[in-house]
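Hi everyone, and thanks for coming. Please have a look at the picture first, and then I'll walk you through a few places in it.

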Amino acid sequence: MLHVRPAPGPAPCNLSRLNLSRTYAIKSSVGGRTGICLGQCYLIKSVACKCKLSWSSQPPPDSRQHFRACSSASEALLTSQSDIRKLYVVNEKIGVLLLNLGGPETLDDVQPFLFNLFADPDIIRLPRAFRFLQKPLAQFISVARAPKSKEGYASIGGGSPLRQITDAQGEALMEALCEKDIPAKVYVGMRYWHPFTEEAIEQIKRDGITKLVVLPLYPQFSISTSGSSLRLLESIFREDEYLVNMQHTVIPSWYQREGYIKAMATLVEKELLNFPDPQKVMIFFSAHGVPLAYVEEAGDPYKAEMEECVDLIMEELERRGMGNPCTLAYQSRVGPVEWLKPYTDETIIALGQRGVKSLLAVPISFVSEHIETLEEIDVEYKELALKSGIKHWGRVPALGCEPTFISDLADAVIESLPYVGAMAVSNLEARQSLVPLGSVEELLAAYDSKRDMLPPPVIVWEWGWTKSAETWNGRAAMLAVLALLVLEVTTGHGLLHQWGILPPLP
């Protein structure tokens, strides 16, 4: 079934889902009063910010005029939006940690990168009793998939450009923050390849950062992306005394921010003009898929946030006079289990059969070019579209360092600064306009408590070509693979030992 957007109207408000992007409020009290506890806060108007990053231990002489005096000794309340944008805390060093997936930079990196990916329990979720097989299974899958993956990376230049693009985004974000009078250092931490998150954290410690804003470069929250990186950060923070004492906050998703929505709409609008009849173009949003069980069993808000994001972009396009039809589908599925539907390849074929002649692909869950856009969309899906009868094909580029997008990320960081270390979960169902905030532990606690309340999606066995049957077929296939791995580990014989993936028994 195609997800085609209905006639213009307000987006439905589903308060039953977990929306991590709007669940946190300020909760800081001094002397029985509730507000933003800033202590000794000053504004810094640094003309040298663009050229040199520095921290000042002395407030400028005119700093106090930007704050109202409060009856409570060390409590100040922000009086205007400009105060938030120029807020600075004396004797603090501010850092921003950008989180991303990572990607192999050479063909030799492909197999170890895939191993790191599939060894993540948030990517392949094994039953607790079989968790000891996580790494052997990851090794098996990475070796099996490496040859085809290498072909894909070879077709886009021999490696992923993700690191270079993310580094450029980090530099652009640091410049944007400086232009807004917030000197901060920006760090890049990748989940599955260099520079690893652990490497970024070590640099943060060496630089003496005291306040950290964690910003995943995923517009929508998912267990398999932002969630995985946050769990890694949680484990790192708990083991390090410096990090335990360092105040931090997390922006878990930001798909609803005005700057992001406008930047996406601008890119779509520009690409539509390349078609012979822009008004008849189907706008085709393609998002990275996740297993259906993540949403239905684990409570992942990814699907709901993705659908709302598409609605917001289309509403912005309608305000600009563009009423194109649109659809949303999910790409990059692997393995025997059911993933979020509709699938991108099946949707393209169906659109061709319906007589659609012009299609504009929009990579909605990606802010950087990498193999899913450069090879999967630009090569595989384009070829499939042309074979399916679609005459005109186009693709919106990833945001990269688009100025409106970078400026909006800088605003998100600035808006979060007053709340670093002063955030608390208030109401999981609240829908507030504040920047989404919360500490790593609070976010995961909120997510885990919500997940425990969800019932399993399949409670009876159904025969035939049904969702239940597909789910159970996937589980049966996974159990068969696990059984083979157990047999290999216990006997010391089999394909993994023949290929040298597993060492022989002593």
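Let's start with a pair of helices. The axes of helix α5, residues 197-206, and helix α6, residues 223-238, come within 11 Å of each other and cross at roughly 45°. That angle makes α5 oblique to α6; angles under 35 degrees count as roughly parallel, over 145 as roughly antiparallel, 65 to 115 as roughly perpendicular, and the rest as oblique. Axes here are lines fitted to C-alpha atoms, for helices over the stretch in contact, with angles running from 0 to 180 degrees between N-to-C directions. The helices (H or I, at least four residues) and strands (E, at least two) are DSSP runs, numbered from the N terminus.

Which residues of α5 and α6 meet? From α5 we have Thr197, Glu198 and Ile201, and from α6 Leu232, Leu233, Ile236 and Phe237; contact means heavy atoms within 4.5 Å. By class, the residues of this contact between α5 and α6 are five nonpolar, one polar and one charged. For the classes, Ala, Val, Leu, Ile, Met, Phe, Trp, Tyr, Cys and Pro count as nonpolar, Asp, Glu, Lys and Arg as charged, and the others, Gly among them, as polar.

Before going on, a word on what you are looking at: this is a predicted model, where local features need pLDDT of at least 70 and side-chain atom pairs count only at pLDDT 80 or more, while totals for chains, interfaces and linings use all residues. Residues are numbered from 1 along each chain as its sequence is written, and side-chain values use heavy atoms, leaving out hydrogens and water.

Now the whole chain. It has 16 helices and 17 strands, and buried residues make up 54% of its 506 residues. Buried means under 20% relative accessible area, exposed over 50%, and partly exposed in between (1.4 Å probe, protein chains only). Of the contacts with a separation of 6 or more, 79% are between residues 24 or more positions apart.

Back to α6, which holds Ser226. Is Ser226 buried or exposed? Ser226 is buried, at a relative accessible area of 0%. Leaving aside residues up to four places away in sequence, Ser226 touches Pro216, Tyr218, Gln220, Phe221 and Pro252.

Gln220 sits in the loop between β11 (211-216) and α6. Gln220 also counts as buried, at 2% relative accessibility. With the four-place limit again, the residues that Gln220 touches include Ser226, Tyr255, Tyr302, Glu305 and Cys309.

Our other helix pair is α2 (residues 110-118) and α3 (residues 134-155), whose axes come within 7 Å and cross at roughly 135°. So α2 and α3 are oblique to each other. Their contact has 10 nonpolar, five polar and three charged residues.

Finally, some backbone details. Most residues other than glycine have a negative phi, and most peptide bonds are trans. Here, a cis peptide bond joins His194 and Pro195, with omega about -10°, and Pro195 lies in the loop between β10 (185-190) and α5. A cis bond also joins Lys341 and Pro342, with omega about 5°. As for phi, Asp181 is not a glycine, yet has a positive value of about 65°; Asp181 is buried, with a relative accessible area of 16%. Ser332 has a positive phi of about 65° too, and is found in the loop between β14 (326-331) and α11.
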